[in-house]
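Welcome, and please take a look at the structure below.

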Amino acid sequence: MAENQLRVPADQDLLVFGATGDLARRKLLPALYELSLQGLLPRKGEILGTATKEQGDHGFREFARQAVQEFARSGFREREFAEFAKRLRYVTTTHDQSGTGEKLSKALQLPHRLVYLAVPPSAFTTILEELRRANLARGSSLIIEKPFGHDLKSAIALNQALHRVLPEERIYRIDHYLGKETVQNLLVFRFGNTLIERIWNRDVVDRVQLTVAEDIGIETRGRLYEETGALRDIVQNHMLQLLALTCMSPPSSFDPEALRDEKVKVLHSIRPVDPSEVVRGQYTRGSVHGELMPGYREMEGVSQDSTTETYVAMRVSVDSWEWAGVPFYLRCGKALCTRRTEIVLYCRDVPVHLFRGTDIGHLTANRVTIRIQPDEGISFSVLAKEPGPTVIEQPVRLDFSYGQSFKTQPAEAYERLLHDAFLGDHTLFIRQDETEAAWTALEPVLEHMPRVNFYPAGSEGPEAANSLLLSGSWHDLSHHIETGPRLSDV
């Protein structure tokens with residue numbers, strides 16, 4: 001993967017369906033602008049946006065200007081944007097996509113193109129059929145956004161529809177979490193360090209917690225969220241992908257297929273989740289960071305008696321040689337007290353208490369924390385003796401921070417993923433069997449959804465989630481998990 005960072009992709013166009021939507025505004029156009037600044041776009045090739053909004057090239061360029069000014073990681077530069085904007089073109093389409101193929105065929109200049117479906121899932125099959133009918137599938141590769149289906153049956157049907165138009169090797173199922181620098185670094189951290197890989201298993205690890213917490217609500221996504229919910233929106237893709245990367249065995253090589261083979265093995269090893277080991281929640285009116293947030297049912301597009309979950313916690317078992325018997329606790333939610341995504345491995349207690357007769361009480365177990373966002377980095381929590389004549393323990397941390405170590409912040413995930421797709425690198429994308437294995441693990445829950453528990457916005461979620469824990473407690477979201485000074489400060 002590292003060698004991709006400075007490679008310029010072969011000449012090709014980029015065709016974006018849904019080019020005036022929120023994803024394009026917040027993520028795609030700013031990421032493409034950043035790639036342009038770095039010289040990592042194809043040397044030849046246009047960015048052709050298409051949507052139902054009536055506008056021409058000029059209108060699309062103004063839309064892109066506003067998007068870059070608001071969301072570009074490195075800021076807006078007039079001269080550089082003007083150069084980038086020369087690539088931008090726009091074609092207006094209809095809701096049923098009738099005649100779209102002919103319009104796009106006339107507008108596209110190169111024999112090869114990358115097609116991005118930044119549209120709701122309900123539009124996927126219509127667009128795929130139009131690409132096939134207009135013979136645009138030939139020479140095309142396709143990026144498709146989550147959710148990959150609504151359940152196992154629909155995921156299989158979607159994969160079949162995709163394969164009627166394109167072979168698997170030209171399909172890129174995107175999960176932006178896999179493009180995050182810290183997620184990628186998890187592989188190097190595990191497999192590049194002998195010390196780490198030796199302890200990364202059931203012999204040392206007692207339990208694992210994965211958290212995806214957001215301090216925002218559903219905002220303007222009420223109608224869409226009613227169709228998905230947190231289980232489909234976060235757990236089936238983001239969280240199970242993080243689980244697979246945490247538990248996977250070393251691949252035979254860094255070849256994309258070898259890496260994805262190992263992830264699939266983990267997903268197949270997940271014991272079908274028991275609905276009794278799942279807690280669903282939905283936020284009500286509350287205060288987040290001192291500001292009042294309306295409840296989920298008060299949002300536009302949401303039913304007043306909705307039972308859609310905005311929070312999910314579950315206990316998961318991975319029946320593999322390395323992880324059998326280790327409980328994995330997954331937790332995600334909207335409108336919580338903080339924004340944080342992290343993986344925490346709690347180590348087992350020491351087997352013998354050597355400190356009887358001292359002032360040390362219960363020894364705090366070691367833990368490893370992978371901070372995916374924000375404050376990207378990795379921490380070890382270990383014990384040290386406080387300075388002084390008595391033996392008193394003090395939790396301290398060995399800490400690696402991207403911002404402090406590399407004096408820079410990681411690139412946005414979409415920059416990396418778009419560049420990889422231009423290059424034809426599948427390493428950070430999801431394969432067909434991964435999607436179906438993930439849905440299979442969740443099928444029992446989808447068939448027998450537990451009742452919804454309510455929690456106030458700005459809290460840590462419903463109290464019922466505590467019943468899932470076999471030992472310990474959920475780590476406190478209201479404070480940073482690592483307490484105590486750095487080891488170098490002791």
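Helix α9 and helix α10 (residues 256-269) pack at an angle of about 110°, and their axes lie 9 Å apart. α9 and α10 are therefore roughly perpendicular to each other, a label for angles of 65 to 115 degrees, where under 35 is roughly parallel, over 145 roughly antiparallel and the rest oblique. This is a predicted model, in which local features need pLDDT of at least 70 and side-chain atom pairs count only at pLDDT 80 or more, while totals for chains, interfaces and linings use all residues. Residues are numbered from 1 along each chain as its sequence is written, and side-chain values use heavy atoms, leaving out hydrogens and water.

**How two helix pairs pack**

- Two packed helices are described by the angle between their axes and the distance between the axes.
- The axes are lines fitted to C-alpha atoms, for helices over the stretch in contact, and the angles run from 0 to 180 degrees between N-to-C directions.
- Helices (H or I, at least four residues) and strands (E, at least two) are DSSP runs, numbered from the N terminus.
- On the α9 side, L240, Q241, L243, A244, L245 and C247 meet K263, V266 and L267 of α10; contact here means heavy atoms within 4.5 Å.
- Sorted by class, this contact of α9 with α10 has 7 nonpolar, 1 polar and 1 charged residues.
- In that sorting, Ala, Val, Leu, Ile, Met, Phe, Trp, Tyr, Cys and Pro count as nonpolar, Asp, Glu, Lys and Arg as charged, and the others, Gly among them, as polar.
- Helix α1 (residues 22-37) packs with helix α3 (residues 78-85) at about 105°, with 10 Å between their axes.
- α1 and α3 are therefore roughly perpendicular to each other.
- From α1, the residues L29, L32, Y33, S36 and L37 meet E80, F81 and F84 in α3.
- The contact of α1 with α3 has, by class, 6 nonpolar, 1 polar and 1 charged residues.

- Where does helix α9 bend? Helix α9 (residues 222-247) bends by about 85° at G229, the bend being the angle between axes fitted to the seven residues ending there and the seven starting there.
- α9 is mostly covered, with 22 of its 26 residues buried; buried means under 20% relative accessible area, exposed over 50%, and partly exposed in between (1.4 Å probe, protein chains only).
- D233 lies in α9 and counts as buried because its relative accessibility is 7%.
- Which side chain makes a polar contact with the side chain of D233? That of K146 does, at 2.8 Å.
- A polar contact is a pair of N or O atoms within 3.5 Å; within protein, one must be able to donate a hydrogen and the other to accept it, and residues adjacent in sequence count only if both atoms are side-chain atoms.
- Apart from neighbours within four places in sequence, D233 is in contact with K146, R221, Y225, T228 and H238.

**Cis peptide bonds**

- K146 is joined to P147 by a cis peptide bond, with omega about 0°.
- P147 sits in the loop between β5 (140-145) and α6 (152-165).
- Another cis peptide bond runs from Q373 to P374, with omega near -20°.
- P374 belongs to the loop between β14 (367-373) and β15 (377-385).

- N135 is not a glycine, yet its phi is positive, at about 60°.
- N135 is in the loop between α5 (124-133) and β5, and counts as partly exposed because its relative accessibility is 48%.
- A335, a residue other than glycine, also has a positive phi, near 55°.
- Is A335 buried or exposed? A335 is buried, with a relative accessible area of 0%, and is found in the loop between β12 (327-333) and β13 (340-347).

- I216 is placed in the loop between β7 (205-213) and α9, and at 34% relative accessibility I216 counts as partly exposed.
- Not counting residues up to four places away in sequence, I216 touches M293, K334 and A335.
- A465 lies in the segment after β17 (452-456) and is buried, with a relative accessible area of 1%.
- Leaving aside neighbours within four places in sequence, A465 is in contact with V279, Y311, A313 and W474.
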